[in-house]
Amino acid sequence: MTTTDLGFPGLKGVPTTDEPATKKEFTSDQEVRWCPGCGDYAVLSAVQSFLPTLGLKRENIVFVSGIGCSSRFPYYLDTYGMHSIHGRAPAIATGLATAREDLSVWVVTGDGDALSIGGNHLIHALRRNVNLKILLFNNRIYGLTKGQYSPTSETGKITKSTPTGSLDNPFNPISLALGAEATFVARTIDSDRKHLTEVLSAAAAHRGTALVEIYQNCPIFNDGAFDTVKDNNTKSDAIIPLVHGQTIRFGAEGRYGVVRGKETGQVSAVEVADIDEADLLVHDAHTDDPTTAFALSRLTDADYVHRAPIGIFRSIEKPTYDDLARGQVAQAAQDTPDRKEALAGLLGGGDTWTVNRAL
């Protein structure tokens with residue numbers, strides 16, 4: 001059995017197992033230590049339940065994290081993992097994915113880790129289209145270091161590091177990823193187990209870099225940041241569901257919809273009763289041009305999240321960096337067969353330099 005047979009082309013080349021696995025087998029013996037009520041618990045449980053569906057051996061799955069509350073993730077999964085350094089998880093994961101086609105590589109990061117010190121590493125992983133999956137936990141605050149404002153905190157946010165209010169314009173992670181032309185970009189919510197699992201499955205099936213932003217509540221330092229899209233009384237009017245091939249409608253009984261301005265080309269949310277329903281936008285996640293997906297990402301409120309699109313914004317196929325790199329190495333060996341042995345020795349050799357300590 002191959003991963004392609006399972007419907008996960010993103011895992012092509014990773015060995016599978018015929019032995020059924022359970023959530024318990026992917027749960028480590030480490031005590032889970034997050035604050036009570038943290039959204040990380042819900043995401044961890046969903047991931048532990050989701051991983052067995054991939055049909056992979058645990059030793060062929062790797063989770064790489066940086067620094068932050070979410071970066072404790074590798075400790076709690078019975079797979080291989082690395083708790084690396086601040087912001088550098090995408091760089092380490094790129095090396096793993098390129099050197100080891102037989103691994104399913106995942107990155108777990110937060111809004112501070114990924115978008116501040118790790119910003120360049122993130123955007124270059126996205127533009128290169130490395131075959132790895134990035135779970136970006138966005139709680140709009142630095143939780144581990146006790147509540148400083150982060151790159152996604154709203155303007156005017158009062159924290160320990162901004163006592164009179166943040167002056168920064170917050171990042172929109174989805175817009176950033178689409179601007180870097182990531183081939184798979186999605187958003188989901190920690191408390192919506194069904195939707196979260198569906199998005200994780202789609203990300204795993206994708207061959208290339210998949211970025212999944214997860215709205216995740218921090219009950220200690222930024223409680224209620226996403227209440228509007230979570231509360232049963234408000235979420236129907238706040239969540240704009242994106243489903244490929246379907247008209248974009250939301251609200252009770254589909255009261256609202258999304259249209260494109262005929263003169264400006266911009267997209268906006270309107271009351272369906274005020275327009276011709278034929279003008280409603282049909283979501284196309286598979287179009288190569290990211291322009292409309294980017295426009296949809298801008299429907300997210302810049303400061304307080306009162307309304308936000310949820311789902312897969314973009315999912316397209318393009319060659320991956322790691323496949324191309326392996327092909328380049330193989331081609332070089334084929335073009336110069338007399339140097340094949342030398343190339344293998346160079347790539348897999350031991351120490352090359354001797355350092356003169358006296359200097």
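Is cysteine 69 buried, partly exposed or exposed, and what is its relative accessible area? The legends below take up this residue and other parts of a predicted model.

Cysteine 69 is partly exposed, its relative accessible area being 25%. Cysteine 218, in turn, counts as buried at 10% relative accessibility. With sulfur pairs required to lie within 2.5 Å, the count of disulfides comes to zero.

**View B. Helix 4 and its buried side.**
Helix 4 spans residues 119-128, and its buried residues are Gly119, Leu122, Ala125 and Leu126. These residues sit on the same side of helix 4 because they cover an arc of only 140° around the axis. On the face turned away from that side, look for the exposed residues Asn120 and Arg127. The cover over the buried residues includes helix 2 (89-99), helix 3 (111-117) and strand 4 (133-138), along with helix 5 (173-179) and strand 6 (210-215). Just past the helix, asparagine 129 adopts a positive phi of about 60°.

**View C. The largest nonpolar core, seen around leucine 296.**
This core has 36 residues, and those with the most contacts inside it are Leu122, Leu126, Leu211, Val258 and Leu296. Beyond its sequence neighbours up to four places away, leucine 296 touches Leu242, Ile248, Val258, Val267, Leu281, His283, Pro309 and Phe313. Another core, of 33 residues, lies apart from this one and includes Val14, Tyr76, Phe137 and Ala203.

Conventions. Residues numbered from 1 in each chain as written. Predicted model: local features only at pLDDT ≥ 70, side-chain atom pairs only at ≥ 80, totals over all residues. Heavy atoms only, no water. Core = buried A, V, L, I, M, F, W, Y, C linked by side-chain atoms within 4.5 Å. Buried < 20%, exposed > 50% of the residue type's maximum accessible area, 1.4 Å probe, protein only. Contact = heavy atoms within 4.5 Å. Helix = DSSP H or I, 4+ residues; strand = E, 2+ residues; numbered from the N terminus. Arc of directions from axis to C-beta.
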